[in-house]
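Visitor: Please take a close look at one part of this model, the helix packing. I would like one connected answer.

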Amino acid sequence: MINPYFIGIIYEGSIIIIATILLILIFSNYIKTRHYLSLLLFLMFLNYIIAIIFSWFSKILILFSNINYVIDESIPDPLTPLSWILLRITGFRISFLFIIIGTLISYIFKEKVFNLEINKIRKFCIFFYGSFTAIYSIIIYIKENVLFDALAFLFVFILVLAVYSPFMIRAYKSYRTTQDLLYKKAFLSLSIMSLSLIVVFFNFLIDRFLILLGGFGFTIFYFLAWFCVIIAIFGAYYGFLKPSLNIND
């Protein structure tokens, strides 16, 4: 039987290749237009791809590193600087850090796209909660404690929901009310992008909940999660950047 971690390495490696190609296209758009929105979109998805790379690397460590405390959950953490880093990589916590950064960048992206007046209280709450979630993800970690892991997934999902739900709703409303076909396509793509990123962490949350109940992981929800990142990047590029649409120039 094929090791599930090997399947994860192949799958996430494929996702990284596809996502990197799309990211290069997004960066090419920024080089050509020097538009601030293109830069924000590039930085947002760059952080998501780095998160996937760390997730991929974690499986490399588990399958090939021969480091006993990384491979075997029953072996206690030796509490060294190296183990601190490696266990947080394999525990998805470093990936969370980049996901949080990407999500906060997308909040700025939303404000710029829709030319919204900055609500300082809302912005403070989003960034304060994002900072709390980042600190929790990196600091609050105990090996073999699945509950703490599930809480980390939940906290990140709440942040993603708080940022992308209003984004999705506003983009969809703009799609419904805009008559220009080019703009309709752009707003629809942003709505799909936001929905896809919400679904990413909804799937991860379900996968982690199943692990909490005693499952091994690598459920269909895990595979759907990373696939939705590709949908999000693909939608953002082909609906928003490929037509060279610059909203609020």
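**Helix packing**

Guide: The axes of helix α2 (residues 36-64) and α4 cross at roughly 110° and come within 8 Å. Axes are lines fitted to C-alpha atoms, for helices over the stretch in contact, and angles run from 0 to 180 degrees between N-to-C directions. That makes α2 roughly perpendicular to α4 (65 to 115 degrees). From α2, the contact uses Phe-54, Phe-57, Ser-58, Leu-61 and Ile-62; from α4, Leu-86, Ile-89 and Thr-90. Contact means heavy atoms within 4.5 Å. By class, this contact has 6 nonpolar, 2 polar and no charged residues. Ala, Val, Leu, Ile, Met, Phe, Trp, Tyr, Cys and Pro count as nonpolar, Asp, Glu, Lys and Arg as charged, and the others, Gly among them, as polar.

This is a predicted model: local features need pLDDT of at least 70, side-chain atom pairs count only at pLDDT 80 or more, and totals for chains, interfaces and linings use all residues. Residues are numbered from 1 along each chain as its sequence is written, and side-chain values use heavy atoms, with hydrogens and water left out.

Helix α4 (81-90) is also part of the cover over the buried residues of α6, as are α5 (93-113) and α7. Helices are DSSP runs (H or I, at least four residues), numbered from the N terminus. The buried residues of α6 are Ile-126, Gly-130, Thr-133, Ala-134, Tyr-136, Ser-137 and Ile-138. Buried means under 20% relative accessible area (1.4 Å probe, protein chains only).

Helix α7 (residues 146-177) holds Ser-165. Ser-165 counts as buried because its relative accessibility is 18%. Not counting residues up to four places away in sequence, Ser-165 touches Val-160 and Ile-198.

Technical notes:
Helices (H or I, at least four residues) and strands (E, at least two) are DSSP runs, numbered from the N terminus. Buried means under 20% relative accessible area, exposed over 50%, partly exposed in between (1.4 Å probe, protein chains only). Angles under 35 degrees count as roughly parallel, over 145 as roughly antiparallel, 65 to 115 as roughly perpendicular and the rest as oblique.
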